[in-house]
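I opened the notebook to go through the contacts between chains.

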Amino acid sequence: MFLALSSAFPRNKNKYKPCKHLVLFFHDILYNGKNAANATSAIVAAPQGANLTILAPQFHFGNIAVFDDPITLDNNLHSKPVGRAQGMYIYDTKNTFTSWLGFSFALNSTDYQGSINFIGVDPILIKTRDISVVGGTGDFFMHRGIATINTDAFEGEVYFRLKVDIKFYECW
Amino acid sequence: MFLALSSAFPRNKNKYKPCKHLVLFFHDILYNGKNAANATSAIVAAPQGANLTILAPQFHFGNIAVFDDPITLDNNLHSKPVGRAQGMYIYDTKNTFTSWLGFSFALNSTDYQGSINFIGVDPILIKTRDISVVGGTGDFFMHRGIATINTDAFEGEVYFRLKVDIKFYECW
Amino acid sequence: MFLALSSAFPRNKNKYKPCKHLVLFFHDILYNGKNAANATSAIVAAPQGANLTILAPQFHFGNIAVFDDPITLDNNLHSKPVGRAQGMYIYDTKNTFTSWLGFSFALNSTDYQGSINFIGVDPILIKTRDISVVGGTGDFFMHRGIATINTDAFEGEVYFRLKVDIKFYECW
């Protein structure tokens with residue numbers, strides 16, 4: 001359904017000017033049974049017949065992963081984190097890669113103190129995808145906006161890095 | 001608690017006029033161990049003692065189902081889909097049927113391109129229930145509103161169809 | 001990261017005056033294999049190697065609990081409930097206690113009829129934590145705000161009570 005697109009749901013986005021703009025990266029290392037020391041996420045639910053160390057066979061349909069991923073200002077996993085991305089992703093399609101995201105950024109740097117809460121569908125194979133910023137706290141008190149995510153790197157089924165371009169359209 | 005009501009939380013809704021209005025249906029076919037070809041959802045978490053092909057005994061308490069359900073303009077499962085309803089439902093009460101919903105509509109039709117994100121409690125046995133539309137993208141950029149859902153059809157523990165009457169009160 | 005703080009993300013909160021203010025408590029009794037009659041929540045997902053009656057070893061990382069908890073006006077578990085807190089919490093860090101919350105209050109009292117929907121990170125060890133109120137229905141139609149939660153009581157791994165101070169900044 002989405003494969004022909006290079007951008008999911010871009011319409012209307014450029015009509016408005018954001019009141020705040022942030023670009024951040026987060027890094028997810030999925031537990032596979034052998035990388036306990038480095039893993040930042042784990043499969044905690046799987047459909048019948050699948051297990052918790054190998055992503056499920058039908059496009060991972062039915063897996064829920066819980067994560068606590070470092071957030072960095074650039075694309076380097078080893079850069080000093082400015083916070084943690086925490087929450088879950090759910091693989092929710094049997095015939096392509098899509099996920100449903102419910103997660104938050106907890107930012108704790110000299111520039112930003114506060115949390116940002118995200119909800120949305122992630123049609124992973126599209127270059128850029130838009131999700132909703134449904135609220136925030138601290139420096140992001142009552143903010144709302146749109147986050148454009150793209151998969152900046154992907155290494156097998158263990159590591160991915162998402163670039164998150166957050167545009168707030170309601171600031172307080 | 002809710003059984004005597006025919007509508008959950010209707011107050012205040014009619015004071016305001018929606019800026020956009022959509023009525024859609026989605027269709028959920030739960031995997032039961034035998035319907036892999038047709039199923040659009042699967043139980044992926046269950047409480048102790050329950051399994052992933054039979055809904056849990058106490059009003060399904062503790063089951064999490066992940067879904068990728070077709071959305072149609074009318075109540076016919078076989079109508080051309082205009083998008084997919086994706087996310088999860090959680091059965092969360094031990095002495096009646098209620099669920100907690102976290103899901104999105106990904107719409108991809110000539111009329112609408114974009115996503116709509118929903119969160120809320122669903123006291124299933126009440127005729128109509130209101131949940132929150134917490135954000136959107138594309139044609140629903142930054143929208144908020146209320147969705148009134150009702151169970152338009154229900155066939156045993158395998159199929160249900162929800163009618164979703166979405167009223168947006170914040171449009172951009 | 002958060003241990004030195006007594007309040008997570010307080011900035012900006014006092015610049016604005018809430019349009020509605022509610023203080024409520026909810027009570028969570030986690031199923032541990034022996035308290036089926038009293039339990040109001042259950043572990044339904046766990047990482048590899050853990051089970052559904054004992055919280056996971058690394059700061060409970062990877063556990064998802066589903067709950068249907070009584071809400072009271074004061075801190076007494078046995079006070080008459082004014083509604084139910086329903087949804088899930090996810091333990092999402094391997095080296096400290098934090099959780100991700102997705103839940104709702106379904107209020108049904110003489111004073112309030114309606115639901116309130118919450119999303120956010122909960123760095124449990126900090127005294128007070130702010131999460132987002134992303135929407136509401138009924139008496140909380142289209143409301144948004146911030147909820148400050150604190151752990152009012154904690155008894156081993158079976159019982160906790162959260163005080164939830166809800167400040168709405170968008171009322172309709």
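The entries below follow the order in which I looked things up.

**Entry 1: the model**

I noted at the start that this is a predicted model. I read every value below as computed from that predicted model.

**Entry 2: chain B against chain A**

I began with the contact between chain B and chain A. How many residues of each chain are in contact? I found 45 residues on chain B and 35 residues on chain A. I then looked up the area buried between chain B and chain A, which is about 3000 Å². Carbon and sulfur atoms give 65% of that area. Which residues of chain B lose the most area to chain A? They are B:Phe141, B:Met142 and B:Trp172. Together these three make up 20% of what the chain B side buries.

I turned to polar links across the interface of chain B and chain A. The rule finds 10 residue pairs in polar contact there, both residues at pLDDT 80 or more. I checked which strands of chain B supply the side that touches chain A. Strands E3 (41–45), E4 (64–72), E5 (83–91), E6 (99–108), E7 (113–122) and E8 (128–138) of chain B each supply at least two residues. E6(B) gives the largest share, six residues. I also sorted the side of chain B that touches chain A by class: 22 residues are nonpolar, 18 are polar and five are charged.

**Entry 3: how the copies relate**

I superposed chain B on chain A. A rotation of 120° does it, with 0.0 Å of shift along the axis and an RMSD of 0.0 Å. That is the relation of a three-fold axis. I then asked how far the contact residues recur between the copies. The copies use different surfaces, as 16% of the contact residues of chain B recur in chain A.

**Entry 4: A:Arg144**

I went back to the interface of chain B and chain A for charged pairs. The rule finds one salt bridge there. A:Arg144 forms a salt bridge with B:Glu170, and their closest N and O atoms are 3.6 Å apart. I placed A:Arg144 in strand E9 of chain A, residues 144–155. Is A:Arg144 buried or exposed? A:Arg144 has a relative accessible area of 1%, under the 20% cut-off, so I logged A:Arg144 as buried.

What else does the side chain of A:Arg144 reach? It reaches the backbone oxygen of B:Met142 at 2.8 Å. B:Met142 was already in my notes among the residues of chain B that lose the most area to chain A. Within chain A, a polar contact of 2.7 Å joins the side chains of A:Arg144 and A:Glu170.

**Entry 5: chain A against chain C**

Next I looked up the contact between chain A and chain C. Here 45 residues come from chain A and 35 residues from chain C. The two chains bury about 3100 Å² between them, with 65% of it on carbon and sulfur atoms.

I counted one salt bridge between chain A and chain C. A:Glu170 forms a salt bridge with C:Arg144, the closest N and O atoms being 3.6 Å apart. The pair crosses from strand E10 of chain A (residues 159–170) to strand E9 of chain C (residues 144–155). I found both A:Glu170 and C:Arg144 buried.

The polar contacts between chain A and chain C come to 10 residue pairs, both residues at pLDDT 80 or more. On the side of chain A that touches chain C, at least two residues each come from several strands, including E3 (41–45) and E8 (128–138). E6(A) has the largest share, six residues. By class, I logged 22 nonpolar, 18 polar and five charged residues on that side.

**Entry 6: salt bridges over the whole structure**

I searched the whole structure last. The search finds 18 salt bridges over all chains. One of them joins A:Asp122 and A:Arg129, with the closest N and O atoms 2.5 Å apart. Both A:Asp122 and A:Arg129 are buried.

Another joins B:Asp165 and B:Lys167, with the closest N and O atoms 3.5 Å apart. B:Asp165 is buried at a relative accessible area of 17%. B:Lys167 is partly exposed at 23%.

Which residues do salt bridges with shared partners join into one network? I listed A:Arg144, A:Glu170, B:Arg144, B:Glu170, C:Arg144 and C:Glu170.

Technical notes: Residues are numbered from 1 along each chain as its sequence is written. Chains are lettered from A and ligands numbered from 1 in the order in which they are written. This is a predicted model: local features need pLDDT of at least 70, side-chain atom pairs count only at pLDDT 80 or more; totals for chains, interfaces and linings use all residues. Side-chain values use heavy atoms; hydrogens and water are left out. Contact means heavy atoms within 4.5 Å. Buried area is the accessible area (1.4 Å probe) that two parts lose on being put together, summed over both. A salt bridge is a side-chain nitrogen of Lys or Arg within 4 Å of a carboxyl oxygen of Asp or Glu. A polar contact is a pair of N or O atoms within 3.5 Å; within protein, one must be able to donate a hydrogen and the other to accept it, and residues adjacent in sequence count only if both atoms are side-chain atoms. Helices (H or I, at least four residues) and strands (E, at least two) are DSSP runs, numbered from the N terminus. Ala, Val, Leu, Ile, Met, Phe, Trp, Tyr, Cys and Pro count as nonpolar, Asp, Glu, Lys and Arg as charged, and the others, Gly among them, as polar. Copies are superposed by least squares on the C-alpha atoms of residues with pLDDT of at least 70 in both. Buried means under 20% relative accessible area, exposed over 50%, partly exposed in between (1.4 Å probe, protein chains only).
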